[in-house]
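Biologist: Before I rely on any label attached to this model, I would like to go through the terms one by one and hear what stands behind each of them.

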Amino acid sequence: MAEKTKFTKILLVEDNPDDIFIIERAIREAKIINQLFITRDGQEGWDFLKHQGKYSDVASSPKPGLILLDINLPKLNGLELLKMIKEDPDLKRIPTVMLTVSRRDEDILKGYNHGCNSFIQKPVEFEKFVETVRQIGLYWGIINVESPNNDSDNDIIE
Amino acid sequence: MKLSLKISLITIVIIVVFSILLQSISIAIFSNAIHSLNKKLFMDKINKLILLAYEQDELFFEGVYDSEIESKLRVKDKINIEYREQKDPIVFPFIIETNGRIVAHPAYSQWSGRLQDKEEGKQIFDNTTLAFMQKKKEGELEYTSAGVRRWCVFKIYEPWNWIFCITTTIANKNKSINFFIRVALFISIMMIIGSVMVVLFVSRKYIRPIHLVIERLLDIASGKVRPDEQIPINIGTKDEIGMLAYAVNKMSEDLRQTTVSCDELAKEIEERKKMENALKDYAKKIEQINKELDDFTYIVSHDLKEPLRSIDAFSKFLEDDYRDKLNEEGRGYIERIRANSLRMQKLIEDLLEISRIERKRNPLEEVRIPDLLNEVKLRLEYAIKEKNVEIIIQDNLPCILCDRVRLMEVFVNLFSNAIKFNDKPNPKIEVGCNVKDDYYEFYVRDNGPGIEEQYYNKIFEIFQRLGRREDHEGTGAGLTIVKKIIEMHKGKIWVESKVGEYTTFYFTIPKRRQAILGKKKIGEILLEKKLITEEDLKQALDAQKEEG
């Protein structure tokens, strides 16, 4: 499976350092070939995507193929950031997966209403976490067919 | 104008008209009769005189008298004597000749013994009247003499050409008639007065009750219908007015009762509104509490799971990466950390599950219990086979209204407990149902170790376990979940047991949808509000049952 996995740029927006560590390790153990970019809050995630502030260098902040978004984030929370991404013509086609411990209907509904592509509950057990990450990588990296004009949005729209 | 006055006036007019009519007719008849009587009386007298003349004339013819004159004088004398003897001077006779010459008349001759004509040439009647008399021979007539109206009856004695007359004044003739008229008038007036009094009395008697009825109706119309004013109108007759009074009495009584029941109804409605508002407030409060609980469990689950995930992950990393660097004891500690993190995870899940039972209700549906139990058996198939459990399910289990998924959890929990804790070589589970009036009573009985009575309630408390932790897996939330589900259905759950022999879990599920949804029966509400006693309710329910 590893050989077939495409090289995927993943943007992780997560504030909990433990979770960042766990996710990094899970991705490693799931053997997903990737390039993981980490931002620590909603605003930073937005800056990364829009090449603002400390991410003004476009080369160090490339457009990701997948965004993993935690719901509870400081400054700009996950749902708000999701809404901004999905309303932005440049970014709306990037698959965005919400990561949460919550199973609150309200949050899940809001997530889908704002256009998230998937909603995943973080498993407590690490083994399950690895499996989940593997599934995410498998689905969004291989099974899912990307939007064809991912890099030339503007040409087609305008 | 008042009805009594109207009736009186009409009656008076009718009586007056009738009495006038009657009077005039009777006066006419009476005066006519008097007149005829007078005439006959006078004529009789004349006839006597004529008979006298005839007798004297005969005597002359027989030769008793020398001349006709003598017989005439005799007649005159007789009349004179008779006149003198007469007490009533108003009526008197007189004689004239057919040519109008006066033979004898008190005003003109003194009825002397001789036939003298002192008043020669004087006439009482004019020629027309004399002609009339001659023609008629006998009869009556009115005339004027010395300025006085007079009436006379006459008859001619032809042999002598004398006219015999008896006369009187008109006034005299009419005297008795006038008297009669006066009497009749008096009687009429008395009759009118009497009848007016009678009419007034009678109309008062009949119209007064109508006034009473009118007053009562006006009272009713102005809304003065109050229990304390309910004195029925008493007429005492059974005629139309009596019926009217009866009808009005009945109407006002009905109206009073209606008014009273209306008042009671209004009161009851008010009470109910109050009750409803209280219930609404209560429901709002509950909703608020649920919301808070929802938030709380969310926070708990999120906040507790976050560190738990780290504990689990890093203990795993430690185990994986440093296994070789740790001795047996160290690895044992890590295992304990991991086992406990797993257990904590389960506890949190159970906690969430319990809070979810109340928050997330599935719609009620008709569930066939035998089918449901088959599914339960399938789900526990592995455990049942492993322990070789005999499951006895009562025939003809009902089809009940419930939350299917939750009720399944109830049976799964009770079954798995019965299997898990069973210490007998031939484990047995019996399921059955007693159908009661308002609810179903299910039971699940096992032949396990039993529960001591002191723990009957404790087993339903959250995370309470009777056995040692290492003996049986599980958090101890199962029965709490079961109890919660039964309570959600507004049922009850309890346990009966004999240590070493059996344990029976009983639970009830109401039959009615309203009861399951927690809506009270009206009787219960009334009882709670102390509007009725328990005895009342029991009687009412019995009566209802009898009606079928």
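Predicted model: local features only at pLDDT ≥ 70, side-chain atom pairs only at ≥ 80, totals over all residues.

Biologist: Why is B:Lys72 called buried?

Modeller: Buried means under 20% relative accessible area, exposed over 50%, and partly exposed in between, with a 1.4 Å probe and protein chains only; B:Lys72 has 12% relative accessibility, and therefore counts as buried. B:Lys72 lies in helix H2 (residues 68–85) of chain B, where helices (H or I, at least four residues) and strands (E, at least two) are DSSP runs numbered from the N terminus. Leaving aside residues up to four places away in sequence, B:Lys72 touches B:Trp160 and B:Trp162, a contact being heavy atoms within 4.5 Å.

Biologist: Why is B:Val183 called partly exposed, and what makes the surface around B:Val183 a nonpolar patch?

Modeller: B:Val183 has 32% relative accessibility, and so counts as partly exposed; its place is in helix H4 (residues 170–221) of chain B. Patches are made of residues with over 30% relative accessible area and no salt bridge, like charges being joined within 9 Å and nonpolar side chains (Val, Leu, Ile, Met, Phe, Trp, Tyr) within 5 Å. B:Val183 belongs to such a nonpolar patch, whose members include B:Phe179, B:Leu185, B:Phe186 and B:Met197, and which has about 1,000 Å² of accessible area together.

Biologist: What makes the pair B:Lys316 and A:Glu127 a salt bridge?

Modeller: A salt bridge is a side-chain nitrogen of Lys or Arg within 4 Å of a carboxyl oxygen of Asp or Glu, and the side chains of B:Lys316 and A:Glu127 meet at 4.0 Å, N to O. Between chain B and chain A the count is five salt bridges. The contact takes 20 residues from chain B and 21 residues from chain A, and the two chains bury about 2,100 Å² between them, 52% of it on carbon and sulfur atoms; buried area is the accessible area (1.4 Å probe) that two parts lose on being put together, summed over both.

Biologist: Where in chain A is confidence lowest, and where is it highest?

Modeller: On pLDDT, the predictor's confidence in each residue from 0 to 100, helix H6 (residues 153–157) of chain A is lowest at a mean of 40, and helix H3 (residues 78–87) of chain A is highest at 91. Over residues 150–158 of chain A the pLDDT is below 50, and beyond near neighbours in sequence this stretch has eight contacts in the model. For chain A the mean pLDDT is 81, with 87% of its residues reaching 70 or more.

Methods: Residues numbered from 1 in each chain as written. Chains lettered and ligands numbered in written order. Heavy atoms only, no water. Areas by Shrake-Rupley, 256 points an atom, 1.4 Å probe, with all protein chains shown as cover.
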